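Please open the model in your viewer and keep the selection tool at hand. The stops below come in order, each with something to select.

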Amino acid sequence: MKSIIENSLSQSHSYVDYRNHIKDLLKEGKSTGKEQSQALTDYSELNETRMNRLEKTILIADENVQKLQVLEKEYIWLVISEGWCGDAAQIVPVIHKMAKLSEKIDLKIVFRDENDDLMNLFLTNGAKSIPKLLILDKNTLEVLGDFGPRPIGAIKLILDYKKQHRLIDDKAKTDLQLWYLHDRGVSTQNEIMDLMHALDQKMV
């Protein structure tokens, strides 16, 4: 596993580079990833708007700011993502804002389709679901924990919808985006900080 993580880190991007790469591809009418289609490009365009808005509006709760600023150990947050992913558009900007608040966190982002070996280590119910945040010990690269692809409330929404309607359609996707809109990134940051607090206390 360590060699796979090292390889992925060697081709990782900063958040700014990640955003710029998506924008550059969109100028060419393309999305990130191996598969190309008008639908994926349209999703990427929509996600650009979402991420631009979230970067301006997302607030990290005071209690989470305090927790981030007193972390004892050093970590790498390695995120697996793609520009066309609606969940990633809602979650990755929150992760970025959190990482900026701590000198102990180094945020790296990799594209899923360029990192099959890494993605296959962190499947969700057998699927390559993203985004996925891997929390690494910065010194050893040991994977200490992970988060994703969705907060618990969003997972429940989709599971309940699928149970009732037996499929995930455009209505389900709209409901999911509305859930993120109303949640304002609170569930994402709280769940990540609960995990980080437990890990940091364990490592002291």
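**Before starting**

This is a predicted model, in which local features need pLDDT of at least 70 and side-chain atom pairs count only at pLDDT 80 or more, while totals for chains, interfaces and linings use all residues. Residues are numbered from 1 along each chain as its sequence is written, and side-chain values use heavy atoms, with hydrogens and water left out.

**Stop 1: two helices**

Select residues 38-57, which form helix 3, and residues 86-100, which form helix 5. Helices (H or I, at least four residues) and strands (E, at least two) are DSSP runs, numbered from the N terminus. The axes of helix 3 and helix 5 come within 9 Å and cross at roughly 25°. Helix 3 is therefore roughly parallel to helix 5. Axes here are lines fitted to C-alpha atoms, for helices over the stretch in contact, and angles run from 0 to 180 degrees between N-to-C directions. Angles under 35 degrees count as roughly parallel, over 145 as roughly antiparallel, 65 to 115 as roughly perpendicular and the rest as oblique.

The crossing of helix 3 and helix 5 is right-handed. A crossing is right-handed if the near helix is turned clockwise from the far one by less than a right angle, and left-handed if anticlockwise.

Now show side chains. On the helix 3 side, select Asn47, Arg50, Met51, Arg53, Leu54, Glu55 and Lys56; they meet Gly86, Ala89, Gln90, Pro93 and Lys97 in helix 5. Contact means heavy atoms within 4.5 Å. By class, this contact has four nonpolar, three polar and five charged residues. Ala, Val, Leu, Ile, Met, Phe, Trp, Tyr, Cys and Pro count as nonpolar, Asp, Glu, Lys and Arg as charged, and the others, Gly among them, as polar.

**Stop 2: inside helix 5**

Select Ile95, a residue of helix 5. Is Ile95 buried or exposed? Ile95 counts as buried, at 1% relative accessibility. Buried means under 20% relative accessible area, exposed over 50%, partly exposed in between (1.4 Å probe, protein chains only). Leaving out residues up to four places away in sequence, Ile95 touches Trp77, Val79, Leu107, Leu133 and Ile192. Draw a C-alpha to C-alpha distance from Ile95 to Ile192: the two are 8.6 Å apart in space and 97 residues apart in sequence.

Next select His96, also in helix 5. His96 is buried, with a relative accessible area of 16%. With residues up to four places away in sequence not counted, His96 touches Tyr15 and Leu107.

**Stop 3: charged pairs**

Side chains of opposite charge can pair when their charged atoms come close. A salt bridge is a side-chain nitrogen of Lys or Arg within 4 Å of a carboxyl oxygen of Asp or Glu. How many salt bridges are there by this rule? The count comes to eleven.

Select Arg150 and Asp87, which form a salt bridge with the closest N and O atoms 2.9 Å apart. Arg150 lies in the loop between strand 4 (143-147) and helix 7 (152-165) and Asp87 in helix 5, so the pair ties together parts that are 63 residues apart in sequence. Arg150 is partly exposed at 24%, whereas Asp87 is buried at 8%.

Move to Asp146 and Lys132, another salt bridge, whose closest N and O atoms are 3.7 Å apart. Asp146 is in strand 4 and Lys132 in strand 3 (residues 132-137), 14 residues apart. Salt bridges that share partners also join Arg19, Glu48 and Glu55 into one network.

Glu48 counts as buried, at 7% relative accessibility.

**Stop 4: the backbone**

Most residues other than glycine have a negative phi, and most peptide bonds are trans. Select Ile130 and Pro131, which are joined by a cis peptide bond with omega of about 5°. The bond from Gly148 to Pro149 is also cis, with omega near 10°.

Finish at Asn125, where phi is near 50°, a positive value in a residue other than glycine. Asn125 is in the loop between helix 6 and strand 3, and counts as exposed at 82% relative accessibility.
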